[in-house]
Amino acid sequence: MKKIVFLFLFIPFFGMAQDWQDILNQVKDQLNKVNTAGTVDIAGGLKEALNNGITKQVTKLTATDGFYRNDMVKILLPAELQKVDKTLRKMGMSKLADSGIRSLNRAAEDAVKEATPIFVTAIKDMSFSDAKSILLGKETAATDYLKGSTSTALYAKFSPVVQQSIGKVGADKIWASIIKKYNTIPMVSKVNPDITDYVTNKSMDGVFKMISVEEKDIRTNLNSRTSDLLKKVFAMQDKK
């Protein structure tokens, strides 16, 4: 504000060399800087909250059974393969069916471990179009914004990691065996699902789900605001 007052004090000395419009433009620029200062803090707070979601929650997914034993994100079979699962179990191959489900979750756990830096970079590089409205929005507004603005780009980077992980944990061989056995059963419709696409989408859903858990916690639990920035920024939403 001192800069703005300074400009007004010296307006009479600008003379004809600089008209009123130029002066007003300068004042406007200064006002914009003042008005956007708070937004920068809000954006920083939102990024920190999302980053905490990765640090505290998403890392849980990378452990053995991080997906498989977490009902919030456990990868179940797509509709196309549910009939495969049911048929195999009826024919006494429940162990093979269980192995197939577990292998999908193992691939997701391994892929998230490798792709976590992708999500960290995405958050770091995010440009919030309206940080204040996101802050004052619903309890997962920041996570939803991250998902909506980065999913396409993240999928392109995440998919090859998932494909590699599927091979690394042997999920490709397990499912090739399952599909082969199923397709030899008389009177069934042949299936050839895109496992990589399915696991990629489900893995990303799991990551966003866990980030939202941390965002909700920061919004509702004062003890979860572990930095001055988080305390300052999210105190604003407490007043809404």
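Predicted model: local features only at pLDDT ≥ 70, side-chain atom pairs only at ≥ 80, totals over all residues.
Is Asp85 buried or exposed, and what is its relative accessible area? Asp85 is buried, with a relative accessible area of 15%, where buried means under 20%, exposed over 50% and partly exposed in between, using a 1.4 Å probe and protein chains only.

Residues are numbered from 1 along each chain as its sequence is written, and side-chain values use heavy atoms, with hydrogens and water left out.

Asp85 meets Arg89 in a salt bridge, 2.9 Å from N to O, the term being used for a side-chain nitrogen of Lys or Arg within 4 Å of a carboxyl oxygen of Asp or Glu. Both residues lie in helix α3 (residues 79-90), four residues apart, helices being DSSP runs of H or I, at least four residues long, numbered from the N terminus. Arg89 is partly exposed, at 28% relative accessibility.

By this rule the count comes to 13 salt bridges. Another one joins Lys232 to Asp41, with the closest N and O atoms 3.4 Å apart, and this pair links distant parts of the chain, since Lys232 is in helix α9 and Asp41 in helix α2 (residues 20-61), 191 residues apart.

Turning to helix α9 (residues 228-238), Leu230, Val233, Phe234 and Gln237 are buried there. Seen down the axis, these buried residues fall within an arc of 85°, taken from the directions from the helix axis to the C-beta atoms, so they line one face of α9. On the other side, Asp228 and Lys232 are exposed.

Methods: Helix = DSSP H or I, 4+ residues; strand = E, 2+ residues; numbered from the N terminus.
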